[in-house]
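Student: I would like to go through this model term by term. For each label, please set the value against its definition.

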Amino acid sequence: MSSRLPDEKACVELLRAEGCSDKVVRHCCTVNQVAMAIARCCDADQELVNAGSWLHDIGRSSTHGIRHVSEGVAIARARGLPEEVVRIISSHVAAGLTHQEAEDLGLPPGEYMPSSLEEKIVCHSDNLVGDSEVMTLQEALEELEARGYMTTAGRMAAMHRELSEKCGKDLDILLEDLDIRKKAIKRCAAYVSR
């Protein structure tokens with residue numbers, strides 16, 4: 001029986017079919033490298049994390065603003081992706097958004113706060129990746145705090161602690177031990193914009 005979740009090749013094909021740039025695909029590849037390292041460590045659903053981390057930014061095919069979240073949800077539903085992947089796409093931004101925060105940002109009504117382990121893994125992995133550079137928690141927090149996003153920074157730190165506890169090791173140490181920064185650069189080089 002084949003999985004109903006798209007594999008890496010199918011995810012990249014979906015990103016390309018929707019018109020995502022090399023930069024977006026490379027970012028998704030880097031997030032995938034971080035997310036899969038965490039998923040393997042904490043016994044998460046690796047197929048779901050794989051598909052969700054590759055497709056979390058599919059909405060950037062039409063906009064790079066906050067509405068890339070709702071655009072991504074619409075694309076995922078139109079393409080018949082499983083609801084678990086849709087939930088990862090809807091809850092990957094910041095460290096989650098409350099209903100009021102989403103409304104204030106002009107997003108349609110929906111659930112934007114990650115709740116499952118896999119949603120949290122993809123959300124936090126995205127927070128630990130800039131365009132294509134893997135950051136430590138401290139580097140990510142400093143970036144948010146410099147922009148005045150103190151609430152998001154607090155949620156991100158709490159999510160980092162929760163996932164670190166689940167893994168039995170601080171995620172910064174886990175990613176460093178696995179040399180994810182270098183592996184992601186090497187693995188995702190194929191998606192560098194020319």
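Tutor: Contact means heavy atoms within 4.5 Å. Leaving aside neighbours within four places in sequence, Ile38 is in contact with Ile121, Ser125, Cys167, Leu171 and Leu174. The model is predicted: local features need pLDDT of at least 70 and side-chain atom pairs count only at pLDDT 80 or more, while totals for chains, interfaces and linings use all residues. Residues are numbered from 1 along each chain as its sequence is written, and side-chain values use heavy atoms, with hydrogens and water left out.

Student: Why is Ile38 called buried?

Tutor: Buried means under 20% relative accessible area, exposed over 50%, and partly exposed in between, with a 1.4 Å probe and protein chains only. Ile38 has 0% relative accessibility, so Ile38 counts as buried. Ile38 lies in helix 2, where helices (H or I, at least four residues) are DSSP runs numbered from the N terminus.

Student: Which residues does Ile121 touch?

Tutor: Not counting residues up to four places away in sequence, Ile121 touches Ala35, Ile38, Ala39, Cys42, Ala44, Val49 and Leu163.

Student: What makes a set of residues a nonpolar core?

Tutor: The set must consist of buried Ala, Val, Leu, Ile, Met, Phe, Trp, Tyr and Cys residues joined through side-chain atoms within 4.5 Å. The largest such core has 58 residues, and among those with the most contacts inside it are Ile38, Trp54 and Ile121. Helix 2 supplies the largest share of this core, eleven residues. A second, separate core has six residues, including Val69, Val93, Leu97 and Tyr112.

Student: How do you know that Cys29 and Cys188 form a disulfide?

Tutor: A disulfide is a pair of cysteine sulfur atoms within 2.5 Å. The sulfur atoms of Cys29 and Cys188 are 2.1 Å apart, and the pair forms a disulfide. By this rule the count comes to one disulfide. The angle about the S-S bond is -80 degrees, and the link of Cys29 and Cys188 is left-handed. The pair links distant parts of the chain, with Cys29 in helix 2 and Cys188 in helix 11, 159 residues apart.

Student: Are Cys29 and Cys188 buried or exposed?

Tutor: Cys29 has a relative accessible area of 0%, so Cys29 is buried. Cys188, at 1% relative accessibility, therefore counts as buried.

Student: Why is Cys20 in no disulfide?

Tutor: The nearest cysteine sulfur to that of Cys20 belongs to Cys28 and is 6.5 Å away. Cys20 is buried, with a relative accessible area of 6%. Cys123 is in no disulfide either; the nearest cysteine sulfur, that of Cys42, is 14 Å away. Cys123 is buried too, at a relative accessible area of 0%.

Student: What makes the pair Glu83 and Arg77 a salt bridge?

Tutor: A salt bridge is a side-chain nitrogen of Lys or Arg within 4 Å of a carboxyl oxygen of Asp or Glu. For Glu83 and Arg77 the N to O distance is 2.8 Å, and their side chains meet in a salt bridge. Glu83 has a relative accessible area of 40%, so Glu83 is partly exposed. Arg77, at 48% relative accessibility, also counts as partly exposed.

Student: How do you know that Asp131 forms a salt bridge with Lys23?

Tutor: The closest N and O atoms of Asp131 and Lys23 are 3.5 Å apart, and the pair forms a salt bridge. The two residues are 108 residues apart: Asp131 is in the loop between helix 7 and helix 8, and Lys23 is in helix 2. Asp131, with a relative accessible area of 47%, is partly exposed, and Lys23 is partly exposed at 41%.

Student: What is the distance for Arg181 and Glu139?

Tutor: The side chains of Arg181 and Glu139 meet in a salt bridge at 2.9 Å, N to O. Arg181 lies in helix 11 and Glu139 in helix 8, so the pair ties together parts 42 residues apart in sequence. Glu133, Glu139 and Arg181 are linked in a network of salt bridges. By the salt-bridge rule the count comes to 14.
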